[in-house]
Amino acid sequence: MCGIVGYVGQRPAKELLLEALKHLEYRGYDSAGIALLEGNQLFLAKRAGKVSELAELVSKKSSQATVGLGHTRWATHGPPTDSNAHPHCDCHQKIAVIHNGIIENYLPFKEELQARGHLFRSQTDSEVIAHLIEEHYDGTNLLEAVKRALHPLRGAYAIAVLAADSPDEVVVARQGSPLVLGLGQNENFAASDIPTLLAFTKTVVFLNDGELAVLRRHGVELVDREGRQIYREPQQIEWNAVTAYKQGYKHFMLKEIHEQPLAFANTLQNRYELGTGRIILPELHTLTDKIHQVQMVYLTAMGTAYYAGLVAKYLWREFFKIPIAVELASEFRYSKPYLDEHTLVIAISQSGETADTLGAVREARARGAPVIAIVNVAGATLTRESDATLYTHAGPEISVASTKAFVAQLAALNLLGFFIAQQRGWLSTGQTRPAIESMARGPTLIEQLLQKEHEIARLAQIFYEKEHFLFLGRDLLYPIALEGALKLKEISYIHAEGYAAGELKHGPIALIDAQMPTVVLVTKESVYEKVFSNIEEVKARRGIVITVTDSLNREIEHVSDFIIEIPQSSRWLVPILFVVPLQLFAYHIADLRGTDIDQPRNLAKSVTVE
Ligand code: F6R
């Protein structure tokens, strides 16, 4: 996690780096720091707390520097203190290093370096990199020194390095953590993600694992770990920087919730023929033969993306004639599943940088399984480590809590399920046509739900002081109950649990009393009577029931304390429509509790460590 940025150019580096760090703050926000090079003078400033506190610290520092580094941290080794904040330096404070990732074997190196007299100032794993570079640097070839320093290190890193004796360059390297280069006119950049670069340039070059680069004012030079030069064609990024700003919304999360009709529509766009029901996914054509031979499907992901996989399992099982399993990537990787060329692995990730998901995919491919990635961020590592990628077109998601990416993942999974089924002959195009027609109405129906925001905000007023919540759902609303509980706990810090409604009587029912609100999701589409009985069970124990339903009737009105009504739709839209009010409910509760909604405590947007 952590966000890094490097700059060499003509603009005032201090201001530019602080601006870039604001964009990167979602990746970690417990401390921040910058290094500036003015001639041969290295200036460092770092502080525990948010980027705004760093900005305050350097507000009086006037600097002509046009070369520098910036870092925003999510602590792994050592608590968030001033001294553990990056950049880290060599003994003489002439080399500065910023790092995103974990150096797994740092301890023996630290001990050896200390035995050789190196002075360590932090408890971080990252600081060894600065001291190792110091040992290899002769004051002329910084790239070579970085290459040699990294050689014995294991783990994950994206780093950027400055040295006072090499005043016009920044050296960067990548192994397992994201890093993108941005190319400009007489200026060049490196950053952990694309949205950060978009404020400055749309021309980017992706670095692969094991590669290093030197950024200079007039160009960049890429090399592999053997020092061989690499030429890589730059890419133009379409995302408009403006879409990454708040546009008048109080928080990115609220803006992103409101962007869901568009995220859903953009993900479907040009991927089906309404008249015939045919799904068009040319990005999967290279896998057509493999799809024909697949005998088992695994969906794998983490967090919200995992819940998207769970929804797909329920929907796909209705027409797939092979088994489907969904596993948390962190478990899948180490549970030794049987995998071969007839096992299709589908990895879902907004960022495409989640370490657990990448680990699962590497394991699957090493054992011959074809991998399809569903990813939102263009060019992310997962896209390059999979056999094919189906992009969700949600646009940049900045808020740490995922919303529009989830809805876009559900749209992409619907398409993928139909595509595989059409290829295999399990569904004819005629059979998919009604489903597609119903999905095409999705954006309008999501829009209708967003109109209910005031109603949901009023409900939040009633409940925001509660400390525990239960969310119940069954069938394809079970994953949505999990997601509703996750959203609430992530941003409001309220304890919330999601359960399969049928599981209620097997334990969680003991929690229910007059203080405990239960949010029950119930659709006319399936198991209506069963979930209705669960509501009765909660009421019989004096529980408070908030029912979210698309089948409002007298019975439900009678047993519910509060109701959120969802427009009627097909099974393909049910999970998408039910999640929207739960996102708004979590958002408004968190807002009333005054939490840091876009950057909740202890979290980070992309979890690039295992
Ligand atoms: C929840 C959330 C996380 C992510 C999870 C996977 O709001 O954001 O649970 O869904 O960390 O992240 P990606 O999708 O980037 O792999």
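Between domain 2 and domain 3 of this chain, eight residue pairs are in polar contact, both residues of each pair being at pLDDT 80 or more. A polar contact here is a pair of N or O atoms within 3.5 Å; within protein, one must be able to donate a hydrogen and the other to accept it, and residues adjacent in sequence count only if both atoms are side-chain atoms. On the side of domain 2 that touches domain 3, at least two residues each come from α7 (252–258), α8 (260–268), α10 (303–316), α14 (404–424) and α15 (429–440). Of these helices, α10 gives the largest share, seven residues. Helices (H or I, at least four residues) and strands (E, at least two) are DSSP runs, numbered from the N terminus. By class, this side of domain 2 holds 18 nonpolar, eight polar and one charged residues, where Ala, Val, Leu, Ile, Met, Phe, Trp, Tyr, Cys and Pro count as nonpolar, Asp, Glu, Lys and Arg as charged, and the others, Gly among them, as polar.

The model is a predicted one, in which local features need pLDDT of at least 70, side-chain atom pairs count only at pLDDT 80 or more, and totals for chains, interfaces and linings use all residues. Residues are numbered from 1 along each chain as its sequence is written, and side-chain values use heavy atoms, with hydrogens and water left out.

The chain is assigned domain 1 (3–243), domain 2 (252–440) and domain 3 (450–593), with bounds from an automatic or database domain assignment. The C-alpha centres of domain 2 and domain 3 are 26 Å apart. Their contact (heavy atoms within 4.5 Å) takes 27 residues from domain 2 and 24 residues from domain 3. Together the two domains bury about 2400 Å², 75% of it on carbon and sulfur atoms; buried area is the accessible area (1.4 Å probe) that two parts lose on being put together, summed over both. One salt bridge is counted between domain 2 and domain 3, a salt bridge being a side-chain nitrogen of Lys or Arg within 4 Å of a carboxyl oxygen of Asp or Glu. The side chains of R571 and E318 meet in a salt bridge at 2.5 Å, N to O.

Oxygen atoms of the ligand lie 2.6 Å from a polar side-chain atom of S351, 2.9 Å from one of K487 and 3.1 Å from a polar backbone atom of T304.
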